[in-house]
Structures are given as structure tokens and as C-alpha cells.
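Trainee: Could we go through this model together? I would like to start with a pocket.

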Amino acid sequence: MDFSYSQQQLEIKRGIREWGKKHLTEEAIAAGYKNRGIAPEIAKAWVDDGWGMYGLPEEYGGKPVDHQTMAMIIEELNHCGGNIPMAPNLLIMFDMVEFGTPEQIQYAIDYYKENGYPPYCLAISEPEAGSANQWMTTTATKDADGKIHINGTKTWVTSGENSDGFIVVCKDEDPSAENKEMSMYLVPANSKGVTIEPLNKIGMQIMPFSKIIFDDVVVDESALLGIKGKGFLQLMKNFEWERCVLLAELLGEAQAAMDDACAWVNERQQFGKGIKTFQLVQEHIVEMQIELTNTRNFLYRTCWKMDNGIPVNNDAAMLKRYGAPALTDCCSRALQLMGGLGFTDETRVSRLMLDCRGFQIGGGTVEIMVHISGRGILKEYAKAAEDPDYLWTI
């Protein structure tokens, strides 16, 4: 087992770190949180300088890399000090190049290169259907003229208020829970019948949420993304990688909190001595490093399995179940070590802690991760009962 970075990976890490020092100053990040979105010129610089093209196909000007390297890129980006929106942008672009027609892909790539962010954001969750996707009621119905009529409400739409369009996940014709056929449609934000209502939350303001209402929104059949009726399967494929991306983001943020906490502890004096000599302070530092190390190992092992064609449904769910609370705790401990100063907006650890807390909900709650992986683990052990060597291969 080789845990070392390749020379290429080290060069990428150093390059992103230098890029972040130039473009992602604390002032620039703080402005992004205040303005509910990163400055467009920063997002465009990420693409123009080539970093935003990693993971995309070479035929579209991209730089293909494995999942491990992609996770490393996302971690290092967020290590720059915040919940930086360019990682979710890449998720949308991954969906477009995987499920889109050549025309849809080219449009998305051209738009992405020109603006620094994709032309769409993903609209999945509904007021009555968060983790329980089968209960979504937004429908896409086809009329006699072949037009698609979309009706329903989506919520918690990341960057919904800033996007020029949506990838809308709809039930085909029938909104009932029994209907498992779903499709994805590309819907321009300026379409007649679209209403965007911004939502406020306590963290991650740099990636605002919105509620989107679709009131008899009409699109052509050509707006279909991927295979009709297979949108749920496309979602599932998206979710496994999305959970890895989310944890890579969170890992970068928690590492930034660790950096700040250790810098503070190494300098802070109390009772006439450095607090770094206090055993309870050292306990926080040790627990934080354990949380970072365990999550990083879990993340990169899951990505390695993806790169080797090994199913990761259980791993991705367990990664989120363990990593999201653990890294939130890491940020919370960083705040605790910095005392009253950590609880102000003069330092970034308070912002990082609130951002990390949201990851226990977004992309599937940590509770639903237990449901997903719990069933899967029992199935794996049932197979292992028949073949003792089975578990060693996964």
C-alpha cells in the first residue's frame, strides 16, 4: 500500500495553494460570504488558469485525472479557507459531460469557459421530499405537441439565485410515490413560470440556497438530460461521487481550522506560560488530528475503489456518516481553543464551523447514510458467509 503523493499530485497541490494565496485572500472570501457568492472574476480565473478543467474530458479542453487526484484538488481548494463554490460547479460539469448530448455538452463547456461557472445548478430536494426522493411530486408531462410541461417546487437549490438555469429532476407524468421513473430536464431560469425565492441559512452563505417554483414551465423534448425515465439511476451515480466531493470540501475547511488553531496554540500565553504545554489543550489537538487523518484515509480509499471499479455505495455513505460529524467537531474544537476570539467574526474558524455543520444535512443527512450503508453492509457479510475471502477483496 502506497500512501504517498505522486510528483504530479504534489505539483498540483502546490499550484492550487499558490493560486489561492493570490485569488482567495481572506478579504475575497469574506466578501463572497457577504455577497452570497464568490466574485465572478475569481471563478473565471479558476477556469482560465486551468484548475477548473481538471476532471473534464480532454476532447473538451479538460484535464482527465483519477478520482483520488480530483478529491485532492477539491480538498486543497477549500483548504484555502472557505466553502469555495468552484467544487459544486465541477459537480454540475461532471453531470453535463456524462449525461448530456454532444450539443448540450458543448454549450455547457463554452458557457463554463466564458463565465467560470456552469449554466445550470441541480434542483432535486422538495419541501416534502428530502432524502426520500421517491416522494418528490414535481412532474414532467408531455402534451400532444411534444412539449414538456414541468410543475412543482424544489428547495435547498444550491446557488439557485445566481444560476442561469436548472437541472430539474422530475417524475415522468405521474407524481405518485409508486412511480419510480424520473427524468432530468434543463430549464432556463428566465423561463415563463419560474419563480426564485432566496432562502437564508446560518452558514455557507457563499453558496446560497433557493426555493424554485415551476408553474407550468414549458421546455422542448431536447431539454432532456440523459435517458428518459432513468434520472433516479443517474442521481444515484451522482450521489456516490457527490458525497466524496462534499467530504473533500469539508476536509479542506477543517484542515484550515486546524492550521489556525495550531498557529494560535503555539503563540498564546496564559498563566505565564504557553498554552501549548497544557494537557487539555494537547488533547484537543490530538483528537482533531485523529479526525482529520481518519477522514482523509477514508476519503482517499473510497476514491481509490472508484478508480478501480469497486462499488462504493456503502463506503461513500459511511464516509459521510463518519466524516461530516468528525470534521464539524474538529472545527468546533478549533473554535474552543481560540476562546472568545474564535466566537467572533474576526477569525474564520467560526465561519468554518457553521459551514461544516451544514454538511451533516446537505447531500443526504448523516442519519440516512446509516440506512443506506447499514443495509449494504449486512448484504456484504451475507455474501462473505458463503465465501470467506469475499470481504478481503472489497
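Trainee: Which helix gives the largest share of the lining of the second largest pocket?

Mentor: Helix H8 (residues 279-307) does, with 5 residues; helices are DSSP runs of H or I, at least four residues, numbered from the N terminus. This is a predicted model, in which local features need pLDDT of at least 70 and side-chain atom pairs count only at pLDDT 80 or more, while totals for chains, interfaces and linings use all residues. Residues are numbered from 1 along each chain as its sequence is written, and side-chain values use heavy atoms, with hydrogens and water left out.

Trainee: Which residues line that pocket?

Mentor: Among them are Met1, Phe3, Gln68, Arg296 and Trp304. A pocket is an open set of points on a 1 Å grid over the protein atoms alone, where a 1.4 Å probe fits, with protein on both sides within 12 Å along at least five of seven lines; lining residues have an atom within 4 Å of a point.

Trainee: Which domains does the lining draw on?

Mentor: Domain 1 (5-113) and domain 3 (230-390) each supply at least three residues; the bounds come from an automatic or database domain assignment.

Trainee: Changing topic, how far apart are the centres of domain 2 and domain 3?

Mentor: Their centres, taken over C-alpha atoms, are 30 Å apart. The contact, meaning heavy atoms within 4.5 Å, takes 15 residues from domain 2 and 15 residues from domain 3.

Trainee: What area is buried there?

Mentor: About 1,100 Å², with 68% from carbon and sulfur atoms; this is the accessible area (1.4 Å probe) that the two parts lose on being put together, summed over both. Ser131, Met182 and Met204 supply 40% of the area that domain 2 buries against domain 3.

Terms used:
Helices (H or I, at least four residues) and strands (E, at least two) are DSSP runs, numbered from the N terminus.
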